[in-house]
Amino acid sequence: MAEETVNSLIFLRSHWTAWRVLGVAHQRIESWRNLYIGYGIILNLLVTLCYPFHLGMSLFQNRTLTEDILNLTTFVTCTACSLKCLIYAYNLKDVMEMERLLSLLDERVKGPGQRAIYGKVKVQLRNVLYIFIGIYLPIAFFAELSFLRKEERGLMYPAWFPFDWMNSTRNFCIANVYQIVGISFQLLQNYVSDCFPAVVLCLISSHIKMLYKRLEDVGMDPEEDPEKELEACITDHKRLIKLFRCLEAFISLPMFIQFTVTALNVCIGIAALVFFVSEPMARIYLIFYSMAMPLQIFPSCYFGTDNEYWFGKLHYAAFSCNWHTQNRSFKRKMMLFVEQSLRKITAMAGGMLRVHLDTFFSTLKGAYSLFTLIIRLRK
C-alpha cells in the first residue's frame, strides 16, 4: 500500500477560499488582480465597515427591550468580527510564512508511527469543523425563524437605514437582502477568524508529537548517523518555535478581542434570558447564542494547552533516545537542546491572556462576575 503524502497545507485551503471570497487574499490572485482589489474594497466598505455601523446607529433606540438586547449582542459580535477580519487581512502575508515552515516540517515526517499521528489530525480537525457548524447553523436558523414569525413588517436584526423601509415594499426588500447577505459574509469572516487559530495550533501540536517520536528514535537505527539526526531534530524544533511565534503574533490581538467579546456577550445573553426577554423565539435564540460564544474560543484554547504540554515534554524524548552510547559531541548538543526545550512556550493573546483552557474558564468566570454585578445593580 502506498504511503499517504503528508501535506498540512490542505487543511488551510478552506481558509484561503474564504479569504478570497471576502476580498482580502490579493496576494494569491494573479489574473484580474486590479478587478479583485476593487471587489475587495467595495465589499469590505459595504459589509465589514457598514454592517456594524448600521447596527450601532440603532443602539437603544428600538421599539422594545428585546429588540434593544438583540441589537446590542449582534452589534458587539459584528464589530468584533469586522475588527478581527481587518487585522487578519493586514497580516495575511504571515500565513505564507507559516505555510513555508509547515512544508519544511512535513518533509521530515517518516515511518508509520509519525504518519499515524498525522492521520489523527484529520479526525481532530473534522471535529473542529463540526463544532463551528454546530455553532453557526442553530443561530442562523433561529434568527431567521424569529424573523419569519413576526406578525408585522420588521428586520432580521434591529438596525438603522438611511431610507424608509417600513412604508415601502421595495426599500423593505433592499434592507432585508442587505442584512441577509451581510450576515452571511459576517459568519464567513467569523468562521475563518475563529477556525484558523485552532487549525494551525492543532497542526503545530501534531508536529511536536512527531518530533517527540523522532527524538525517541535517535541512535536506534545503526544505519543512520545519530548526531546528524539529532541536529535535524534541533532544526525541526527551531522551525516549530518560529512557526508558533509567527502564529502567536498573527492571532494575538484578534484572540484578545474574542476573549473580551465572549465574556461580554455571554453575560448579556444570560442577563437577557433571566430578566428581560419573554418572547419564546427570542429566548431560544439567546440560549443558543450564549452557548455558541464560548464554543468559538474553546478549540483554540484546547490546542493552545496541547501545544504548551507537548513543548514541555520534548526533553523527556531527548533522554529516551540512545544517548548514553554516543560520543561527547552528541551529548553536548543534546544537553543544549534540553536546556532550550525547558523554556516554557505559551501563546499569549494581547500579551496578557494565555491561549489556554485556563483562560477559557476565566472568560466564563468573567461573564459570571459581570452577571452578578448586574444583579446587584438591579437590587
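A pocket is an open set of points, on a 1 Å grid over the protein atoms alone, where a 1.4 Å probe fits and protein lies on both sides within 12 Å along at least five of seven lines. The second largest pocket here has a volume of about 320 Å³, volume being the space filled by probe spheres set on the points. The model is predicted, with local features needing pLDDT of at least 70, side-chain atom pairs counting only at pLDDT 80 or more, and totals for chains, interfaces and linings using all residues. Residues are numbered from 1 along each chain as its sequence is written, and side-chain values use heavy atoms, without hydrogens and water.

**Second largest pocket**
- Two or more lining residues come from each of α3 (65–90), α5 (111–148), α6 and α8, helices being DSSP runs of H or I with at least four residues.
- Helix α6 supplies the largest share of this lining, 6 residues.
- The lining divides into 15 nonpolar, 6 polar and 1 charged residues (Ala, Val, Leu, Ile, Met, Phe, Trp, Tyr, Cys and Pro are nonpolar; Asp, Glu, Lys and Arg charged; the others, Gly among them, polar).

**Packing of α6 and α8**
- Helix α6 (residues 169–217) packs against helix α8 (residues 280–311) at an angle of about 20°, with the axes 9 Å apart.
- The two helices are therefore roughly parallel (angles under 35 degrees).
- Contacts (heavy atoms within 4.5 Å) involve residues including Asn190, Leu201 and Tyr212 in α6 and Gln296, Phe303 and Trp310 in α8.
- The contact residues comprise 11 nonpolar, 6 polar and 3 charged.

Key:
Axes fitted to C-alpha atoms, helices over the stretch in contact; angles between N-to-C directions. Parallel < 35°, antiparallel > 145°, perpendicular 65-115°, else oblique. 1 Å grid on protein atoms, 1.4 Å probe; cavity = no way out; pocket = protein on both sides within 12 Å on 5 of 7 lines; lining within 4 Å.
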